[in-house]
Amino acid sequence: QYGYTLPGWRKYNLTYRIINYTPDMARAAVDEAIQEGLEVWSKVTPLKFTKISKGIADIMIAFRTRVHGRCPRYFDGPLGVLGHAFPPGPGLGGDTHFDEDENWTKDGAGFNLFLVAAHEFGHALGLSHSNDQTALMFPNYVSLDPRKYPLSQDDISGIQSIYG
Ligand SMILES: O=C1CC=C(NS(=O)(=O)c2ccc(-c3ccccc3)cc2)CC1=O
Ligand SMILES: [Ca+2]
Ligand SMILES: [Zn+2]
(Lines give C-alpha, C1' and ligand atoms only; values in the text may rest on other atoms or scores of the structure.)
(Ligands and ions follow the chains in the order given, each with its own letter.)
Protein backbone atom coordinates (compact mmCIF):
# COMPACT_ATOMS: atom_id res chain seq x y z
CA GLN A 1 0.00 0.00 0.00
CA TYR A 2 3.04 2.28 0.17
CA GLY A 3 3.43 1.91 -3.60
CA TYR A 4 6.76 0.15 -3.00
CA THR A 5 7.22 -2.86 -5.21
CA LEU A 6 10.33 -4.82 -6.08
CA PRO A 7 11.41 -4.47 -9.73
CA GLY A 8 9.47 -7.14 -11.61
CA TRP A 9 7.60 -7.62 -14.85
CA ARG A 10 4.29 -5.79 -14.84
CA LYS A 11 2.65 -8.65 -16.77
CA TYR A 12 2.27 -12.35 -16.18
CA ASN A 13 2.50 -13.59 -19.76
CA LEU A 14 6.15 -13.52 -20.83
CA THR A 15 7.68 -14.70 -24.09
CA TYR A 16 11.11 -16.28 -24.53
CA ARG A 17 13.23 -17.13 -27.55
CA ILE A 18 16.32 -19.34 -27.81
CA ILE A 19 18.52 -17.45 -30.30
CA ASN A 20 21.22 -20.11 -30.70
CA TYR A 21 22.11 -23.54 -29.33
CA THR A 22 25.22 -24.89 -27.63
CA PRO A 23 26.93 -27.74 -29.57
CA ASP A 24 27.46 -29.48 -26.20
CA MET A 25 23.91 -30.79 -26.06
CA ALA A 26 21.12 -31.97 -28.38
CA ARG A 27 18.73 -29.16 -29.36
CA ALA A 28 15.84 -30.99 -27.73
CA ALA A 29 17.83 -31.25 -24.48
CA VAL A 30 18.52 -27.49 -24.54
CA ASP A 31 14.84 -26.72 -25.20
CA GLU A 32 13.89 -29.00 -22.31
CA ALA A 33 16.47 -27.56 -19.86
CA ILE A 34 15.32 -24.00 -20.65
CA GLN A 35 11.64 -24.87 -20.41
CA GLU A 36 12.18 -26.62 -17.08
CA GLY A 37 14.31 -23.73 -15.82
CA LEU A 38 11.34 -21.43 -16.46
CA GLU A 39 8.79 -23.90 -15.08
CA VAL A 40 10.58 -23.88 -11.72
CA TRP A 41 9.35 -20.30 -11.34
CA SER A 42 6.00 -20.52 -13.12
CA LYS A 43 5.03 -23.36 -10.76
CA VAL A 44 5.06 -20.98 -7.77
CA THR A 45 3.75 -17.79 -9.43
CA PRO A 46 0.98 -16.74 -11.85
CA LEU A 47 3.72 -16.31 -14.51
CA LYS A 48 3.26 -18.01 -17.90
CA PHE A 49 6.07 -18.46 -20.44
CA THR A 50 5.48 -18.79 -24.20
CA LYS A 51 8.29 -19.87 -26.55
CA ILE A 52 8.54 -17.90 -29.81
CA SER A 53 10.93 -18.69 -32.65
CA LYS A 54 11.30 -15.24 -34.26
CA GLY A 55 10.94 -11.59 -33.41
CA ILE A 56 11.73 -9.99 -30.06
CA ALA A 57 10.83 -11.95 -26.92
CA ASP A 58 10.84 -10.57 -23.37
CA ILE A 59 13.55 -13.10 -22.46
CA MET A 60 16.06 -13.53 -25.30
CA ILE A 61 18.30 -16.54 -24.53
CA ALA A 62 21.71 -17.01 -26.21
CA PHE A 63 25.01 -18.87 -25.83
CA ARG A 64 27.84 -16.35 -26.12
CA THR A 65 31.56 -16.01 -25.33
CA ARG A 66 33.83 -13.16 -24.15
CA VAL A 67 32.74 -9.77 -25.55
CA HIS A 68 29.43 -10.31 -27.36
CA GLY A 69 27.22 -7.95 -29.34
CA ARG A 70 26.01 -4.88 -27.48
CA CYS A 71 25.91 -6.75 -24.18
CA PRO A 72 27.55 -4.65 -21.44
CA ARG A 73 28.75 -7.77 -19.58
CA TYR A 74 31.45 -10.09 -20.88
CA PHE A 75 32.25 -13.73 -20.35
CA ASP A 76 35.58 -15.03 -19.08
CA GLY A 77 36.32 -18.27 -20.94
CA PRO A 78 36.00 -21.70 -19.33
CA LEU A 79 34.82 -21.77 -15.65
CA GLY A 80 34.41 -18.59 -13.61
CA VAL A 81 31.16 -16.94 -14.61
CA LEU A 82 28.73 -19.37 -16.27
CA GLY A 83 25.96 -17.02 -17.29
CA HIS A 84 24.30 -13.69 -16.71
CA ALA A 85 20.77 -12.32 -16.93
CA PHE A 86 19.37 -8.78 -16.90
CA PRO A 87 16.59 -7.75 -14.50
CA PRO A 88 13.07 -7.17 -15.89
CA GLY A 89 12.65 -4.30 -18.32
CA PRO A 90 12.60 -3.36 -22.00
CA GLY A 91 15.41 -4.19 -24.45
CA LEU A 92 18.17 -6.10 -22.67
CA GLY A 93 15.89 -6.54 -19.63
CA GLY A 94 15.22 -10.23 -18.97
CA ASP A 95 17.78 -11.35 -21.55
CA THR A 96 19.82 -14.32 -20.40
CA HIS A 97 23.21 -15.37 -21.80
CA PHE A 98 25.14 -18.54 -21.12
CA ASP A 99 28.92 -18.79 -21.48
CA GLU A 100 29.53 -21.06 -24.47
CA ASP A 101 33.07 -21.73 -23.20
CA GLU A 102 31.54 -24.00 -20.54
CA ASN A 103 30.70 -27.66 -21.05
CA TRP A 104 26.88 -27.67 -20.86
CA THR A 105 25.20 -30.94 -19.97
CA LYS A 106 21.89 -32.29 -18.78
CA ASP A 107 23.43 -34.80 -16.39
CA GLY A 108 26.28 -34.89 -13.87
CA ALA A 109 29.29 -33.86 -15.98
CA GLY A 110 30.16 -30.25 -16.83
CA PHE A 111 27.60 -27.65 -15.73
CA ASN A 112 23.96 -28.59 -15.58
CA LEU A 113 22.18 -26.21 -17.99
CA PHE A 114 18.81 -26.61 -16.26
CA LEU A 115 20.24 -25.56 -12.87
CA VAL A 116 22.19 -22.57 -14.18
CA ALA A 117 19.18 -21.54 -16.31
CA ALA A 118 16.83 -21.72 -13.32
CA HIS A 119 19.26 -19.53 -11.35
CA GLU A 120 19.67 -16.99 -14.17
CA PHE A 121 15.92 -16.85 -14.81
CA GLY A 122 15.54 -15.93 -11.13
CA HIS A 123 17.53 -12.80 -11.99
CA ALA A 124 15.56 -12.26 -15.22
CA LEU A 125 12.41 -12.18 -13.08
CA GLY A 126 13.81 -9.66 -10.60
CA LEU A 127 15.46 -11.75 -7.86
CA SER A 128 18.89 -10.94 -6.49
CA HIS A 129 21.26 -13.36 -4.76
CA SER A 130 20.30 -15.12 -1.56
CA ASN A 131 22.66 -15.82 1.34
CA ASP A 132 20.70 -18.98 2.12
CA GLN A 133 23.08 -21.67 0.92
CA THR A 134 20.22 -24.04 0.14
CA ALA A 135 18.63 -21.45 -2.15
CA LEU A 136 18.66 -21.65 -5.93
CA MET A 137 19.61 -17.96 -5.87
CA PHE A 138 22.72 -18.65 -3.80
CA PRO A 139 25.68 -17.02 -5.61
CA ASN A 140 27.78 -20.16 -5.85
CA TYR A 141 27.07 -23.12 -8.11
CA VAL A 142 26.26 -26.19 -6.08
CA SER A 143 25.64 -29.24 -8.22
CA LEU A 144 22.22 -29.87 -6.70
CA ASP A 145 20.52 -33.07 -7.73
CA PRO A 146 18.45 -31.54 -10.57
CA ARG A 147 15.78 -34.17 -10.05
CA LYS A 148 15.15 -32.73 -6.58
CA TYR A 149 12.99 -29.65 -6.39
CA PRO A 150 15.70 -26.92 -6.62
CA LEU A 151 13.64 -24.11 -5.08
CA SER A 152 14.10 -23.39 -1.38
CA GLN A 153 11.55 -21.60 0.81
CA ASP A 154 13.78 -18.53 0.52
CA ASP A 155 13.44 -18.57 -3.29
CA ILE A 156 9.68 -19.06 -3.10
CA SER A 157 9.09 -16.19 -0.66
CA GLY A 158 11.41 -14.03 -2.79
CA ILE A 159 9.56 -14.63 -6.05
CA GLN A 160 6.14 -14.45 -4.42
CA SER A 161 7.01 -11.08 -2.89
CA ILE A 162 7.26 -9.82 -6.49
CA TYR A 163 4.51 -11.83 -8.25
CA GLY A 164 2.40 -13.04 -5.31
O1 LIG B 1 24.64 -12.47 -11.42
C2 LIG B 1 25.47 -13.37 -11.47
C3 LIG B 1 26.88 -13.13 -11.29
C4 LIG B 1 27.70 -14.29 -11.25
C5 LIG B 1 27.25 -15.53 -11.45
N6 LIG B 1 28.13 -16.53 -11.36
S7 LIG B 1 27.94 -17.93 -12.15
O8 LIG B 1 27.49 -17.61 -13.50
O9 LIG B 1 29.17 -18.65 -12.05
C10 LIG B 1 26.72 -18.85 -11.38
C11 LIG B 1 26.81 -19.05 -10.04
C12 LIG B 1 25.84 -19.84 -9.39
C13 LIG B 1 24.83 -20.44 -10.10
C14 LIG B 1 23.89 -21.32 -9.42
C15 LIG B 1 23.65 -21.18 -8.05
C16 LIG B 1 22.79 -22.06 -7.40
C17 LIG B 1 22.18 -23.09 -8.09
C18 LIG B 1 22.41 -23.21 -9.46
C19 LIG B 1 23.27 -22.36 -10.12
C20 LIG B 1 24.74 -20.20 -11.47
C21 LIG B 1 25.68 -19.40 -12.10
C22 LIG B 1 25.86 -15.82 -11.76
C23 LIG B 1 24.98 -14.69 -11.76
O24 LIG B 1 23.77 -14.82 -12.01
CA1 LIG C 1 33.03 -18.72 -17.97
ZN1 LIG D 1 25.69 -11.22 -22.02
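Which residues does Gly126 touch, not counting residues up to four places away in sequence? Gly126 touches Pro7, Pro88 and Ile162, where contact means heavy atoms within 4.5 Å. This is a predicted model, in which local features need pLDDT of at least 70 and side-chain atom pairs count only at pLDDT 80 or more, while totals for chains, interfaces and linings use all residues. Residues are numbered from 1 along each chain as its sequence is written, ligands are numbered from 1 in the order in which they are written, and side-chain values use heavy atoms, with hydrogens and water left out.

**Loop residue**
- Gly126 is found in the loop between α2 and α3 (153-163), helices being DSSP runs (H or I, at least four residues) numbered from the N terminus.
- Although 38 residues separate Gly126 and Pro88 in sequence, their C-alpha atoms are 5.9 Å apart in space.

**Helix packing**
- The axes (lines fitted to C-alpha atoms over the stretch in contact, with angles from 0 to 180 degrees between N-to-C directions) of α1 (residues 27-42) and α2 (residues 113-124) come within 8 Å and cross at roughly 45 degrees.
- The contact is made by residues including Val30, Ile34 and Trp41 of α1 and Leu113, Phe114 and Phe121 of α2.

**Ligand 1**
- Of the 15 residues around ligand 1 (a heavy atom within 4 Å), Leu82, Gly83, Glu120, His123 and Pro139 come nearest.
- Among the polar contacts (pairs of N or O atoms within 3.5 Å), an oxygen atom of ligand 1 is 2.8 Å from a polar backbone atom of Leu82.
- A side-chain N or O atom of His123 is 2.9 Å from an oxygen atom of ligand 1, and a polar side-chain atom of His119 lies 3.4 Å from an oxygen atom of ligand 1.

Notes:
Helix = DSSP H or I, 4+ residues; strand = E, 2+ residues; numbered from the N terminus. Polar contact = N/O pair within 3.5 Å; in protein donor to acceptor, adjacent residues only side chain to side chain.
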